[in-house]
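Subject: Structure for you to look at

Hi,

Here is the structure I promised to pass on. Have a look at it first, and then read on for what turned up.

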Amino acid sequence: MSPPPPVLKVWLEAEGVEDARRLAEALELMAVKDLSLLVTRTEGAEERDFWHAAIIQYGLGELHVEVALEPVQREQGLLNVQAAPPMAECRETLLTPMVTSDMYRFPCSLGR
């Protein structure tokens, strides 16, 4: 059985290089325990360039993300973690198949 896809993401930044490394590693361990939690890093974080990197935590809701982050902060002593406001993932799904007969043609050429 696979977990539901995450619907909320939060960008996290720690105060220093070592704090960012500890935060990333602790959140990745938390994601192994909680399969509905997903943790990714921006490009700089993957190269261990934590000065220009952010950690992105995905979860099933705001409470889910907070509950996962709080023990990590407490156990690792990371009290200066900056969290951006949560952003909801926007998904649209077509419920019925669409059939089109032709592409729409503009009445005049664009750019004239």
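Let me begin with a question: which residue does R74 form a salt bridge with? The partner is E70, and the closest N and O atoms of the two are 2.4 Å apart. R74 and E70 are four residues apart in helix α3 (residues 62-76), so about one helical turn separates them. R74 counts as exposed, because its relative accessibility is 53% and the cut-off for exposed is over 50%. E70 is partly exposed, with a relative accessible area of 43%.

Before going further, please keep in mind that this is a predicted model. The average pLDDT of the protein is 79, and 79% of the residues score at least 70. Among its elements, strand β3 (residues 55-59) has the highest mean pLDDT, at 90. The lowest mean, 54, belongs to helix α2 (residues 43-46).

Now back to the salt bridges, of which the count is four. One of them joins R22 and D19, whose side chains meet at 3.6 Å, N to O. Both residues sit in helix α1 (residues 17-33), three residues apart, which is about one turn of the helix. R22 is partly exposed at 26% relative accessibility, and D19 is partly exposed too, at 24%.

Another salt bridge pairs E28 with R41, with the closest N and O atoms 2.7 Å apart. E28 belongs to helix α1 and R41 to strand β2, so this pair ties together parts that are 13 residues apart in sequence.

Last, a word on T40, which lies in strand β2 (residues 38-41). T40 counts as partly exposed, at 29% relative accessibility. Which residues does T40 touch, leaving aside its neighbours within four places in sequence? Its contacts are A54, I55, I56 and Y58. As for Q57, that residue is 17 residues from T40 along the chain, and the C-alpha atoms of the two are separated by 6.5 Å.

If you open the model, R74 with E70 and E28 with R41 are two pairs to look up.

Best wishes

Technical notes:
Residues are numbered from 1 along each chain as its sequence is written. This is a predicted model: local features need pLDDT of at least 70, side-chain atom pairs count only at pLDDT 80 or more; totals for chains, interfaces and linings use all residues. Side-chain values use heavy atoms; hydrogens and water are left out. Helices (H or I, at least four residues) and strands (E, at least two) are DSSP runs, numbered from the N terminus. Buried means under 20% relative accessible area, exposed over 50%, partly exposed in between (1.4 Å probe, protein chains only). Contact means heavy atoms within 4.5 Å. pLDDT is the predictor's confidence in each residue, from 0 to 100.
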